Amino acid sequence: HGDVERGVRAADHVSELDPKNDSLYVLLSNTYAAVGRWHDVARVRNMMKIKDVKKQSGCSCIEIRKTVHYFVVGDILHPRKEEIYIELQSLIRQMDEAGYVPDTSSSLCDLDEEKKEHVLSYHSEKLAIAF
């Protein structure tokens, strides 16, 4: 919605009901990040540390031959991680050759474009597809 103040008020109300809800802090941090208020993003993340609130990692899964495989961003725990990353590098090369340019405009990280592209390249969805 782009209305930061409304988002802050909503977060205040939710925090009264459930102060340990990680989604509250993630949404508030993302709201600030979307408008470039990096100081406020850092403040929210620090508040999470102080209150010992842990963000639940997002994951992607894929079922192959009745076995479900789970992946998180930058996953290094999968037993076939070497094969997965080799295949992902191949897919990234093919996408580059086809002219694909990652859309980093919705990336809510305070990073330069090259680092944003790198982070997006190893998202859990892409790891699952490479598998």
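1. Strand β1, residues 60-64, and strand β2, residues 67-71, pair in the antiparallel sense over five bridges, two strands being taken to pair if DSSP finds at least two bridges between them. Two residues lie between the strands of this hairpin, and Arg 65 takes a positive phi near 50° there.

2. On the basis of this note: the model is predicted, so that local features need pLDDT of at least 70 and side-chain atom pairs count only at pLDDT 80 or more, while totals for chains, interfaces and linings use all residues. Residues are numbered from 1 along each chain as its sequence is written, and side-chain values use heavy atoms, with hydrogens and water left out.

3. The secondary structure of the protein comes to six helices and two strands, and along the sequence these follow the pattern α-α-α-β-β-α-α-α. Helices (H or I, at least four residues) and strands (E, at least two) are DSSP runs, numbered from the N terminus. Of the 131 residues in the protein, 27% are buried, where buried means under 20% relative accessible area, exposed over 50%, and partly exposed in between, with a 1.4 Å probe and protein chains only.

4. Ser 124 counts as buried because its relative accessibility is 5%. Leaving aside neighbours within four places in sequence, Ser 124 is in contact (heavy atoms within 4.5 Å) with Cys 59, Ser 60, Phe 71, Val 72 and Val 73.

5. Helix α3, residues 38-50, has 13 residues and reaches 18 Å from its first C-alpha to its last, close to the 18 Å expected at 1.5 Å a residue; the expected span is 1.5 Å times one less than the number of residues. The buried residues of α3 are Asp 40, Val 41, Val 44 and Met 48. They cover an arc of only 110° around the axis, which puts them on the same side of α3; the arc is that of the directions from the helix axis to the C-beta atoms. The face turned away from the buried side of α3 carries the exposed residues His 39, Lys 49 and Ile 50, whereas what covers the buried residues includes α2, residues 22-34.

6. The largest nonpolar core has twelve residues, among them Leu 28, Val 41, Val 44 and Met 48. A nonpolar core is a set of buried Ala, Val, Leu, Ile, Met, Phe, Trp, Tyr and Cys residues joined through side-chain atoms within 4.5 Å. The elements that give two or more residues to this core are α1, residues 4-17, α2 and α3, and its largest share, five residues, comes from α2. A second, separate core of eight residues includes Leu 88, Ile 92, Leu 127 and Ala 130.
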